[in-house]
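Here are some exercises to work through with the model open beside you. Try each task on your own before you read the solution.

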Amino acid sequence: MDERFSADQELIAENAAVPPTASTEVRPPDAENTPAAPHAFPVVGIGASAGGLAAFEAFFAGMPAATDPGMAFVLVQHLDPTHKSILSDIIRRYTRMQVFEVEDGMVVRPNCVYVIPPGHDMALLNGTLQLLEPSEPRGQRLPIDFFLRSLAQEQRERAIGIVLSGTGSDGTQGVRAIKGEGGMVMVQNTASTEFDGMPRSAVATGLVDYELPPAEMPAQLIAYAAHAFGKSPKSTTLQAPKVENALKKIFILLRAQTSHDFSHYKPSTIHRRIERRMAVHQVAGIDDYVRYLQQTPAEVEALFRDMLIGVTQFFRDPEVFQVLENTVIPALFAGKSPGAVIRLWTPGCSTGEEAYSIAILLVERMEAIKASCTVQLFATDIDREAIATARAGRYPASIAAELSPERLARFFTAEAVGGGYRIRRSIRDLLVFSEQDVIKDPPFSKLDLISCRNLLIYLGAELQKKIIPLFHFALKPDGWLLLGTSEGVGDHEALFRVIDRKAKIFQRKAELPVQSRVSFNPFASSSVVMDTTAQPNSFRRPATSPAREGQSLREMTERTLLAQVIAAGALVNAHGDILYLHGRTGMFLEPSPGEAGINNILKMAREGLRRELATTLHKAAATSEISASPGLRVKTNGHFTLVDLTIRPVTAGPGASTESPLFLVILEEVPEGRAVSDPASASPGQPADAGVDVDARLDALGAELLAKEESLHSTIEELESSAEELKSSGEEMQSVNEELQSTNEELETSKEELQAVNEELATVNTELQVKVFDLSRANNDMNNLLAGTGIGTVFVDFQLRILRYTPAAGIIINLIPTDVGRPVAHVVTNLVGYTSLVADVQAVLETLAPREAEVRSLAGRHYTLRIQPYRTLDHVIEGAVITFQDVTALVESRESLRRLAVVVRDAHDAITVQDLTGRTLAWNAGAVRMYGWTEAEALQLNVRDRIPEPLRDAALASLAQLSRAEVLEPYLTQRLAKSGESMEVSVISTALVDEAGVMYAVATTERVRTGATP
């Protein structure tokens, strides 16, 4: 089960509802660092980026105008540190509350608005706002997350966070922190945002209570506060006995829809979560809430997710991870051979941050010691969405504040789309994520480390008593257990030794205490033996006695036998397997029927010896002391022999190691005199001697009965041990099966991911085909465009090799398709008198300055040759472009105009051009000679200035007649010279019209009348 809140803070919250007195106050271990109790009024933290000004205005415009909200509002905005903020002045226009720009240490009061100043981070501590210099460079600061986290730690369930319009993911981690403390979160709906990055990132956590436009938030906020904080102490809301049935119904609904049972969780945690959901929906009574749950399956899921709020981060509690890195991780690799497997488990992994943090430490350690071990890190949780997030390994940009820059750059990849970071594949491949309930599902086994932080604190005592032994079973001998800073192993201290009490790091004890130990039958299987030299009932595998050790075993046996002066004996291990025989043992032992294998003294013992031999050997192995059974009646060849049995541990010699304890079985025949004189040695059922009285017989019978009871008790213990061993084996097999099932689920997930990748590749292939088609069409269009323009174009690279050319260029410089790839210098051109093409192209590539020249082909066509660099979209020069633009018509027109200009220039008559308003546009040399005005002076004149006053109206009428396309014959008139003299001239007027046939100017040819003064 995944309860992943801040352990210390949750403990504080559980006791916050109880007035702190000398007898009731409960504080966590680090009480001296715990914030003071939250204020009686809620504090609302509102975050937005620099573009969220309109959202702030809409929010405060929606506040009630006649009443005070009874809350404090703290505004955190992304601000330019070099400019003064005007947010305070703007907010004052929309609210009746007092608005302050925060100063360091300012006390927070209700019905006031506090605005963060530029260039600072801000936190709430003991009711005051503290300003800090930002530690991150500009562009990487997350002031909203910074403040909301402090708000959650200070206000706990009274904390309220609101995320408005903005880009990036700032505020996401703050939302998690507030929800972890039981607070409430609002987010601006994306339809009303100008920038939806921050709202989308917050909504993606699945922890948002309301998605509203800013104008609708105040009404919902006030209603929530009135319901959640406007009643008498919350601790009594759900404590009445009459609500117990309602709580049970809620547990039933949760179990029916989610398959998880919350009935054994701590009541304070459950009550607080239910109360918060009731406040969100403004439900007055718990019975009403039960009915609401029955009618709204989505609310059951929402309540379930509220139970599983994951407040986690990378390398959370750095001091604990420092101990883990310096103490535990090196121990995991100590003595490991290359290729060894290191297995870890993080139950309640939430969205995977802690599991990935441990994986990073493991990779760093392996690289430091250059080890090549195989790491298997199992991360489990019951939250399907959290597991999906962990599997994806994608986290918001705010994790940059949790990781060092080195680790962020080394183990994460920045996402190009949407921002954020993704864990690198080298780390992701070490982990297996799966859904698992640690309460009801079998655990993993043979683990080196279990990291279960901030889970046990929310479970009842009965569940804790179940889970701690479960962890002990799952760990290897000397395996490590990491718990949260406010958790411990409780009453199971005998199972673990404390390594670091502050960091809550424990190590599994290899031996089990008597009250918790599972008894194993040392004789049930030859694969398990009892280590009597260490702790009782500590089991190890037997050591096989190789043939080459026979001589040393013989010497050891004979030395011990000589010390005891015995006639028959056997050296055995704790199972009874015979390693060496001494003397004549046929009176006491005989081979057992069946296949010959390892000779076992228990199977070879004759009638009357077997049961006592097993009991005595078991006793000697359990106590590591000499054990004896005197006066045994052993049947030998039809008669009975009285035998004394003694078993003593062998502690000397190379064979007596702690891994394979050995025992010497000594069999001595009772002397005849003792058999007659000792009544206790006589067995019942035989004729009593005359000297043996009834009391002696009763004593003998009592002794025999006691021996049989001990034997029966030993047999029962062995059976129980066998049953427990089988049960443990079954549980281990079940754990292995669960592990295989988890691996299978991971493989199925990988298969689904591969299918998704395949589908994505198919989509990319389709897009690529579309792009190829578009590129082909664009290429065709380009070819047609180049061919249609008639401009000859040749593309060459830096080596002046022809890359491409247009059909027009092929005609000009004799190109054919096989010329592609050849140097342009190898091509014979059709240009007349132009031989510097290669030199000009090289000059352009060297100087990047375009060149232009006019050339003529053998066919008599004229072209403008331009050479310019070939630039890519990235402004990279990759060659040159040679273009030939046909300007034959232009050249011919230019020649015609030149000839016409000569005619106009050299003509004796005055030739002028004026527009329809009479302004002079052209004035030739003949006009200069005729009238005296220079060309520059004439261009400043109007034709009116050259017409005598009496003749102006007639001249204008002639112009109007000409504009109607009426033909004007040459006519005589008068014109004024520069000297003021009136001259008789003959005028020929011609209308100048454009392509549309509209007259735009008049050209005149003026000649002095014959006989008049020129």
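Contact here means heavy atoms within 4.5 Å. Helices (H or I, at least four residues) and strands (E, at least two) are DSSP runs, numbered from the N terminus. You're looking at a predicted model, where local features need pLDDT of at least 70, side-chain atom pairs count only at pLDDT 80 or more, and totals for chains, interfaces and linings use all residues. Residues are numbered from 1 along each chain as its sequence is written, and side-chain values use heavy atoms, with hydrogens and water left out.

**Exercise 1. The overall picture**

Find how many helices and strands the protein has, and what share of its residues is buried.

Solution. 
- Start with the elements: there are 28 helices and 38 strands.
- Next comes burial, where buried means under 20% relative accessible area, exposed over 50%, and partly exposed in between (1.4 Å probe, protein chains only). Of the 1014 residues, 45% count as buried.
- Now take the contacts with a separation of 6 or more: residues 24 or more positions apart account for 63% of them.

**Exercise 2. Where α10 meets α11**

Work out how α10 and α11 are oriented to each other and which residues meet.

Solution. 
- Axes are lines fitted to C-alpha atoms, for helices over the stretch in contact, and angles run from 0 to 180 degrees between N-to-C directions. The axes of α10 and α11 (residues 297–307) come within 5 Å and cross at roughly 110°.
- Then classify the angle: under 35 degrees counts as roughly parallel, over 145 as roughly antiparallel, 65 to 115 as roughly perpendicular and the rest as oblique. So α10 and α11 are roughly perpendicular to each other.
- Look for the partners: from α10 come Tyr289, Tyr292, Leu293 and Gln295, and they meet Pro297, Glu299, Val300 and Leu303 of α11.
- Sort them by class: Ala, Val, Leu, Ile, Met, Phe, Trp, Tyr, Cys and Pro count as nonpolar, Asp, Glu, Lys and Arg as charged, and the others, Gly among them, as polar. The contact of α10 with α11 has six nonpolar, one polar and one charged residues.

**Exercise 3. Where α10 meets α8**

Describe how α8 and α10 pack, including the handedness of their crossing.

Solution. 
- Helix α8 covers residues 244–258 and helix α10 covers residues 286–295; they pack at about 20°, with axes 10 Å apart. That's why they are roughly parallel to each other.
- For handedness, a crossing is left-handed if the near helix is turned anticlockwise from the far one by less than a right angle, and right-handed if clockwise. The α8 and α10 crossing is left-handed.
- On the α8 side you'll find Ala246, Leu247, Lys249, Ile250 and Leu253, which meet Ile286, Asp287, Tyr289, Val290, Leu293 and Gln294 of α10. By class, this contact of α8 with α10 has eight nonpolar, one polar and two charged residues.

**Exercise 4. α7 against α9**

Decide how α7 and α9 lie relative to each other, then look at serine 268.

Solution. 
- The axes of α7 (residues 217–229) and α9 (residues 267–280) come within 8 Å and cross at roughly 140°. These two helices are therefore oblique to each other, and their crossing is right-handed.
- Gln220, Tyr224, His227 and Ala228 of α7 meet Arg276, Met278, Ala279 and Val280 of α9. The residues of that contact divide into five nonpolar, two polar and one charged.
- Serine 268 is found in α9 and, at 25% relative accessibility, counts as partly exposed.

**Exercise 5. Around α4**

Is proline 143 buried or exposed, and what is it in contact with?

Solution. 
- Proline 143 is found in α4 (residues 143–155). At 9% relative accessibility, proline 143 counts as buried.
- Leaving aside neighbours within four places in sequence, proline 143 is in contact with Val76, His78, Asp121 and Asp170.
- Move on to arginine 156, in the loop between α4 and β8 (159–163). Most residues other than glycine have a negative phi. Arginine 156 isn't a glycine, yet has a positive phi of about 55°. At 4% relative accessibility, arginine 156 counts as buried.
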